[in-house]
Amino acid sequence: MASSVSRLLFVGNSFTFRHDLPGLMAQMAPQSIESQMIVAGGASLRLHLNSGAVQTALAEKWDIVILQEQSTLPIKNTKRFHENVREMQELISETGAQTALYQTWARQNAPATQDTLNIAYENIGREIGALLIPVGAAWQAALAVQNDLPLYDSDGSHPSPLGSYLAACVFVAKLWQKDARGLLVPEALKIEESHAALVRDAAWQALQI
């Protein structure tokens, strides 16, 4: 992605706003960025389409619009997920912005569903020509190295500070073509350096595929 990326619109739910993912990215990116979030707890892309908030926000100029679907919908109903993305893409393409897909992670008690999530995001991303941000694949790679790595919050669904750091590493490395292994750790996250190094490696690995 070009280094001129500076304005990002996020559409999603708590997987985006937990630990302020855009704010983490702003601390780690190689340039100043502006961002806006259209988010609600548990929200699907369909909910945001129906609310009209996305249509309003797209009246402004954005470099990239990042779509994050409700975390289990791509597993339970891939067809509906793809329909939601296609409808979003129609709106985004009219503005000249690039669409990016925030591939999320499986629930802690259902790790086998990660492959389904990955494929669902990869297929629709390929179809519409979107940027794929493979956070789920990086999450999977990190847990393959250390299966008790504390990526999850206590609910087994939401990201811990380390999980959100992993997501930020994948985003920054993908959008600004940075080597994830060299990214800094925002001090407020208070995560162990050994854990941070592991997730940076996992982010780098996911982006080589």
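Select Asp 153 first: at 30% relative accessibility it counts as partly exposed, where buried means under 20% relative accessible area, exposed over 50% and partly exposed in between, computed with a 1.4 Å probe on protein chains only. The model is a predicted one, in which local features need pLDDT of at least 70 and side-chain atom pairs count only at pLDDT 80 or more, while totals for chains, interfaces and linings use all residues. Residues are numbered from 1 along each chain as its sequence is written, and side-chain values use heavy atoms, with hydrogens and water left out.

**Salt bridges**

Arg 18 and Asp 153 form a salt bridge, with their closest N and O atoms 2.8 Å apart; the term denotes a side-chain nitrogen of Lys or Arg within 4 Å of a carboxyl oxygen of Asp or Glu. Arg 18 lies in the loop between helix H1 (14-17) and helix H2 (21-28), and Asp 153 in the loop between helix H8 (135-145) and helix H9 (161-175), so the pair ties together parts that are 135 residues apart in sequence. Helices (H or I, at least four residues) and strands (E, at least two) are DSSP runs, numbered from the N terminus. Arg 18, at 25% relative accessibility, is partly exposed.

How many salt bridges does the structure hold? There are seven. Select next Glu 60 and Arg 7, whose side chains meet in another, at 3.5 Å from N to O. Glu 60 is in the loop between helix H4 (53-57) and strand E3 (64-67), whereas Arg 7 belongs to strand E1 (residues 7-12), so this pair ties together parts 53 residues apart in sequence. Glu 60 has a relative accessibility of 41% and counts as partly exposed.

Now move to Arg 200 and Glu 193, a salt bridge with the closest N and O atoms 2.6 Å apart.

Select residues 193-206, which make up helix H10. This helix has 14 residues and reaches 20 Å from its first C-alpha to its last, close to the expected 20 Å; the expected span is 1.5 Å times one less than the number of residues. The buried residues of H10 are His 195, Ala 196, Leu 198, Val 199, Arg 200, Ala 202, Ala 203 and Ala 206. They pack against H8 and H9, contact being taken as heavy atoms within 4.5 Å.

Colour H8 next. Its buried residues are Val 135, Gly 136, Ala 137, Ala 138, Trp 139, Ala 141 and Ala 142. What covers them includes strand E4 (98-102), H7, strand E5 (131-133), H9 and H10.

**Helix H7 and Thr 116**

Centre the view on Thr 116, which is placed in helix H7. Thr 116 is partly exposed, at 35% relative accessibility. Which residues does Thr 116 contact, leaving aside its neighbours within four places in sequence? They are Pro 74 and Ile 75. The C-alpha atoms of Thr 116 and Ile 75 are separated by 6.1 Å, although the two are 41 residues apart along the chain.

Proceed to Met 37 in strand E2 (residues 34-39). Met 37 counts as partly exposed at 32% relative accessibility. Not counting residues up to four places away in sequence, Met 37 touches Phe 10, Thr 16, Phe 17, Asp 20 and Pro 22.

From this group, select Asp 20, in the loop between H1 and H2. Its phi is near 55°, a positive value in a residue other than glycine. Asp 20 is partly exposed, at 37% relative accessibility.

Finish at Gln 177, located in the loop between H9 and H10. Phi of Gln 177 is likewise near 55°, positive in a residue other than glycine. With a relative accessible area of 60%, Gln 177 is exposed.
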